[in-house]
Structure formats: structure tokens, C-alpha cells
Amino acid sequence: MGEKVIMLGNEAIARGAYEAGVKVSSAYPGTPSTEISEYLVQYKKDVYEEWAPNEKVAVEVAVGASISGVRSMACMKHVGLNVAADPLYSVSYMGVNGGLVLVVADDPGLYSSQNEQDTRMVARAAQIPVIEPSDSAEAKDFFKEAFALSEKYDRPFIFRTTTRLAHSQGLVELKEREEIADRPYEKQIQKNVMMPGNAKLRHIEIEKRNLELAEAANTLAINKMEINDTKIGVITSGIPYQYVKEALPQASVLKLGMVNPLPRKLIEEFVSKVETVYIVEELDPVIEEQVKSWGIKAIGKEIFTVQGEYSANMLRRAILKEELDLEKPAQAPGRPPILCPGCPHRSAFYVLKKLKMHAAGDIGCYTLGAVPPLSVIDTTMCMGSSISMLHGMEKAKGKEYIKNWVAVIGDSTFLHTGVNSLMNMVYNKATGTVMILDNSTTGMTGHQDHAATGKTLQQEPTYAIDIAGLCRAMGIKNVVEVNVFDIALLEKTIKEEVAKDEVSVIITKTPCVLLDKSKKPLYIAHEDKCKKCGMCMKPGCPAMTKNPDGTIRIDDTMCTGCGLCESLCKFGAIEMVKAGE
């Protein structure tokens, strides 16, 4: 083809998967990796794509496809790799049949994550080779290379990206899809059945393969030297390469496309050509520690941070000692994180706060219930943890301790890892109350479907898991579904359920307001009736503002017509003047 187009890094990875002849892709949405699967859908005639309920399942699906003989992949963010750790460590021993690549997106700077975990560290522990691109063009081309190397060396590969690469654009040259013949399936018990006796033999085998791959890394085209001024030499990879080229255009650079295993001979050759070596890598000193362990003198985290994203200016200050006189940019007004106008979670949190409840929280939009003015969420750790943590509190302190606690979890997160946690509560005779905030989507990552929405990633209709029925099937007698905007009923329900001495589930089944594209009801505030009591302001809706005299005004450009403010006003100062359509 030869056509050149501008693509996001995530879009380029999807294109690379298509061109590489991938046939199966499974993923769970997680920023910054989500769009890969959404872009991949355009190639659904050639590639099967799906949303899995969690990353562990996604990797297992991809492994199954690989064993059957086709090229396959799974996508996730860095914390999703933790969920997939169980199959990850074992498939490292097993190897592949068809090429197998796991895309993992790290998040330096914590733009949308609960930690800055470095996937390269996990990969080293699992003995999985890692390829890392530095722009969109490499994202596509290196992805294809990863499949070729996977099949050549019988190794699953991790393809590491970061937020900056995933969401920045670059020029990409399109090529035709490679029609890769399916590899024949062979029954290989010693290779594919990880019982202790077989695993011991496979461990020996993968050590051999890794040594072969480490040797090959010295001559791979994706690892390259750029020799310029030899006073400064920089070893780097990924997006930091772009910062190095901007800050130090005359420096010599060893750019690594494969960051595990490292090309030792190539690194030693590069070091012999330059006077001073710097190792520039975001997050952990993964490359640095290995290079220094070989007796090579290099400068790394002594002058660079292990936190957040790097920049060209940071490198200028650290390496060149430049005092940059940068004009301070105009400061935008502070905009604290807040739930969208009309978000159903706001109503749930308002009622919980009114009842002076504590909530063990989970990962999702509802994490914003931790910030003022709602300030209801007390804990947030990882997917599915809210239910297990509530259970732990009860077992530690007794039933009475959790009478003013609930666990809150979203519908997608409940299906991700909440089901097992709820099962544990039932099995171990807990008494806590779980609120499943069912907004009919995976909201925080951009409204992806899941197993309870009735649509697949390819937008085909499918069976929608009945969450209430699933809870009842576990033996939970007290399962109540409530419209979250019926605050009187919701308040009554919460009081009744937390008082019970057995597990109960409240499902607030109200769709995300952004899913409904119809015209919304129009509400107005009557200033002459407003008593300035502030009740309507308590949920913190951004559409509600105060006039200079303290009366209330509704911004109709933001209002979504949820009606929460009207239900809170006891003086008739808020009125719906036009119904929705």
C-alpha cells in the first residue's frame, strides 16, 4: 500500500496487529490501553476481538488461541497485568505455538491509575521478553516484529507502551496484511500441561531460549546505535528517546527496542565508544541496575527521578546543568475532579453521606465519591477489593462495627473481580451490605460494553448477565434493585439492609447519563422561592451555582435533567418546566 497516515500509538498497535495476521484479541478496558481494542474492531472481518470480564481471562483466551496455532494477543493496563499474573508466569514456561503478544500500557505520572508500577520489573520476574516502541511508526512495526520473534524463539512477548505513546500521534506507513498460515496443533503434554514434573523441564528449556534471545538481541534491528558526539552517550528506550533527541541532539544514543533481555555485547560496544554514559528511563532503574551489575560506569537515578514522566527540559537541567528561564504558563482556574452532572453515583453518595455511612470503594468513576463535598469513600485499592475489604473489617471487628459501612462497586468491576469477593462473603458467613452501582457500562474508560450490557465489543447482541440473578444464585436472599434517583426509597433500603444479620446486595440500576442521547428535561430555579438553605448544593452537582445574593441558579448548558435537586428542595424553588423526549 505505502499510504502514510497520522495515527495515535494505540491505533498504530491495532494496525500492527492487523498487518501481522493476528486472528484473536481479548482485552479488558483500562486506560491507557483501551482504544487498541476499539480501533481493532474495524478489522473484524479478519480479527476476532472481545472484551473479557478481566485480564486473567483475556490472557487465557489468547493463550488458548496461540496453542491452537494462530497469532493472538491480549491488551491491558499495567495494574491489569497483576490480575493476569497467574497465567503469565506459567505461559512463560509453556511457550507458544502461534505467536503470542501481551500489550501492557504503563502510566508514568499516574494520569489514570492507582500506582506507577513498571511492567518491565514484572516481565523480568516472569522471564518474559519485552519490546518497547518510541513512536507510532515503531508501535506498528515493532508489534509485527514481536510476533515473528515470539514464534522463532517459542516465547510469549510483552509489548510495553506508556500513556504518552498510547495517546500521542505520529506518521505511520500502511502495509498489507500478512496472511499467516495457522500452525498445526500438536498434542504436547510435557510442553502444555504445567504439572511439577513437566514444569521443571520447561524451566530448563526457557532458560535456554532466553539465552538465545539475549544473544540475538545484540544484532536485532530494533536495537540501534546512533553515534554522534562521543562526549555524551545515552542508553534509552521508548518515549524517553524522544526527550533525549530533543534535549541532546548531538549526543550519541543507544536506542533499545528490546528492553528484556538486554543486548549486553551491544551495550558494551556502545559504552566503549563514548566518554560519559547516561541511562535515561522512566520509572524504575531496570536497564540501569543490569548495566551497572556488569561493572559499567553509568549515570542514572543519581540525577533522574523514579517518579512520573520525563521531559526534554528535565534532561537539560539534569545533564547539561542548564538553568532554564522558562516563561511561566498562564494558570488555568483550578478544576477539582468531580462526577458528571446527572451522574447516578452522586445520588447514591448523597444518601450515604446523609446517613453518615462509610463506604469501602473500588476502581471506577465512583472513586470520585472520596472527594468533597461527598467524601463518602474511605478506601480504594484495586478492582474488586471493596467487597473483600468490607468482609475483612467485619471479621476483624465484628458485625456491629460494619453497621455503618457498605461496599460500593460498579457493574463492570463486579463482573471483573467482585463476584469472587461476594462469594467469599456468603461462604464465610458475613453480614455486610454491598451496593452494586449498575450504570450499564464501563464508565471510567469511555463506555465499553461488558458481560451484563447485552452487546459484545463488535456491537453484536448477546446474552446479558443478570447481576441480580447471579447474586441470588450465590445464595443471597436479600437482593434489592432500586432507582438511584428515588432517594427516599434508596435511604429506606440502605437502612433496612445494613440492619440485617446476613449478606445483602443493593443494586442501583440507573444507566450512566452519557449513554442517553435523547433530549433531557429542563429544570429552572425560582429565585423568589429559594430559601438559601443549600440542600440542593449538598450533592455537589456542577450545574448548580449560587447567585451573588445566595439564591440558586441552574446552568442549563450543563444540567442533564436528573431531577436530584428538585427532589431535595422542600420549598418548590426548583421546577421541571419541560419534559424530556
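Thr161 counts as buried because its relative accessibility is 1%, where buried means under 20% relative accessible area, exposed over 50% and partly exposed in between, with a 1.4 Å probe and protein chains only. This is a predicted model, in which local features need pLDDT of at least 70 and side-chain atom pairs count only at pLDDT 80 or more, while totals for chains, interfaces and linings use all residues. Residues are numbered from 1 along each chain as its sequence is written, and side-chain values use heavy atoms, with hydrogens and water left out.

Thr161 lies in strand E7 (residues 157-162); helices (H or I, at least four residues) and strands (E, at least two) are DSSP runs numbered from the N terminus. Leaving aside residues up to four places away in sequence, Thr161 touches Ile13, Val104, Ala105 and Asp106, contact meaning heavy atoms within 4.5 Å.

Turning to the helix pair, the contact of H3 with H5 can be described residue by residue. The axes of H3 (residues 55-68) and H5 (residues 85-94) come within 9 Å and cross at roughly 20°, the axes being lines fitted to C-alpha atoms, for helices over the stretch in contact, with angles from 0 to 180 degrees between N-to-C directions. Lys56, Val59, Glu60, Val63 and Ile67 of H3 meet Asp86, Pro87, Val91 and Met94 of H5.

Helix H15 (residues 344-354) is mostly covered, with 9 of its 11 residues buried, among them Phe349, Tyr350 and Leu352. The cover includes strand E16 (405-410) and helix H19 (487-498). Just after H15, Lys356 takes a positive phi of about 60°.
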